[in-house]
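Please view the sequence and structure below before reading on.

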Amino acid sequence: MKLKKEFTSLLMIVFVIINFVLSLSGTLFNGILDHIAKLLQISVASTGSLTSFYAYGAIGAPVLVFAFGQIKRATLLKGTLFFTLLFGILSIYTKSFPVLLFARFMSGLFATAYNVLATTTIAALSSEDKVGRNIALLITGASASLMVGVPLCRILIEYLAWQTIYLILVIFMIIGLLLLNFLLPDIKTHGDSIHLKKELSMLFSKKVFSIVMISFIAFAGYGAFYTYLTPYLVAMFPQVEQYTSLLLVLVGAFALFGNYIGGIFCDKIGFKKALFFGTVIQLFIGILIFITQNSTFINIVFVMVWMLVGWFIGLQLNTGINIVTQNKSSFLVSLNGSIIQFSQAIGASMAALVIANTEISFIIFVSIFTSALSVVLLIPLLNKKENQSSVLAKQA
């Protein structure tokens, strides 16, 4: 079902803003961990669980999407957003830290399910030549939260309680929910979706399984380096510590641009070629980051480019899973999204082991290794001539 022309731009703006708000709610505590630790009188490590529990919740998103898969897509989309804001309110008003962790877990569960449904909805409502750009536009909200939201929270925490900042985000969620109620078409998943047995068999088709595996591997490398990016920069170049906020803004800006050009290249040359070239570039950028660690300016430039290419690659993987499933499998899209979340946590753990046993300067090798492995896995996918329609025909 196609959107009415007069609603297309406005609906996209609503989706982008909601994506911004949900992404920021997930990473809200990242930039203010020290403030929250002092307020709650717990360690910074314990406070970090407020973010990790949000990520753990994402693992359950495929089950949630499948369990309610027969509900109309528009209804399910609005329902997951409603429960996200509901648990956001619980996070704000609870006085119990365990309850706060539970609320964060549930927020991550429903927010991830919403993001999956939003991605598949935009893909389904887009013409074939604009799928990549429209998904890139949707993801712009997440990269904008990285560029603007996290540094802004660091500033606002000096004047506002974290609960007030979170409440502002919840208010935007409520506004977004109301707008979706008026603007979103009545999209049915029943009759257009694939039953679980067929979805699981599709998972083990070469194209789908390759994308899921590459998502896991690529984002493990991304999570390893990005999680410790700020400590890396401060440890390697102590003179830049006073400019940390500015560097975080630049990181977000490069992520935003990488996502934007990722959409353009995806539509021009296809997600497989764009993914392959992006991964090869990421491999060489990782090597350059390691060999230029004696030069502050050059190394930081390569770090920014690494971030750009990381989001370029992420766009191809998010778009690719929708394309190879012909936008029919919210379950597989949500599974891929959960794997991405989980793999970033795995990557961060790998980086922690590297730091504990060597030095922080060596964490880039995790990204180098995962990029090289991804290139190897992409070669047969790139050479595969079979189109997805024939794959689906076989699954039927």
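Helices (H or I, at least four residues) are DSSP runs, numbered from the N terminus. The model is predicted: local features need pLDDT of at least 70, side-chain atom pairs count only at pLDDT 80 or more, and totals for chains, interfaces and linings use all residues. Residues are numbered from 1 along each chain as its sequence is written, and side-chain values use heavy atoms, with hydrogens and water left out.

**Cavities**

A cavity is a set of points, on a 1 Å grid over the protein atoms alone, where a 1.4 Å probe fits but cannot get out; lining residues have an atom within 4 Å of a point. Grid points are joined across faces, edges and corners, and a volume is the space filled by probe spheres set on the points. The structure contains two cavities of 30 Å³ or more.

| Cavity | Volume | Helices that each supply at least two lining residues |
|---|---|---|
| Largest | about 110 Å³ | H11 (206-227), H14, H15 and H17 (364-383) |

The largest cavity is lined by 13 residues, of which Ala 218, Phe 219, Tyr 222, Gln 282 and Ile 313 are the closest to its centre. By class, its lining has five nonpolar, eight polar and no charged residues; Ala, Val, Leu, Ile, Met, Phe, Trp, Tyr, Cys and Pro count as nonpolar, Asp, Glu, Lys and Arg as charged, and the others, Gly among them, as polar. The second largest cavity is lined by Leu 229, Thr 230, Leu 233, Val 234, Thr 244, Leu 247, Leu 248 and Val 251. That lining comprises six nonpolar, two polar and no charged residues.

**Helix packing**

Axes are lines fitted to C-alpha atoms, for helices over the stretch in contact, and angles run from 0 to 180 degrees between N-to-C directions. Helices H14 (residues 271-291) and H15 (residues 296-324) pack at about 155 degrees, with their axes 9 Å apart. H14 is therefore roughly antiparallel to H15, a term for angles over 145 degrees. Their contact has 17 nonpolar, seven polar and no charged residues.

The axes of H11 and H15 come within 10 Å and cross at roughly 155 degrees. This makes H11 roughly antiparallel to H15. Contact means heavy atoms within 4.5 Å; among the residues that make it are Ala 218, Phe 219 and Tyr 222 of H11, and Trp 306, Trp 311 and Gly 314 of H15. The residues of this contact divide into 16 nonpolar, four polar and one charged.

Methods:
Angles under 35 degrees count as roughly parallel, over 145 as roughly antiparallel, 65 to 115 as roughly perpendicular and the rest as oblique. On a 1 Å grid over the protein atoms alone, a cavity is a set of points where a 1.4 Å probe fits but cannot get out, and a pocket is an open set with protein on both sides within 12 Å along at least five of seven lines; lining residues have an atom within 4 Å of a point.
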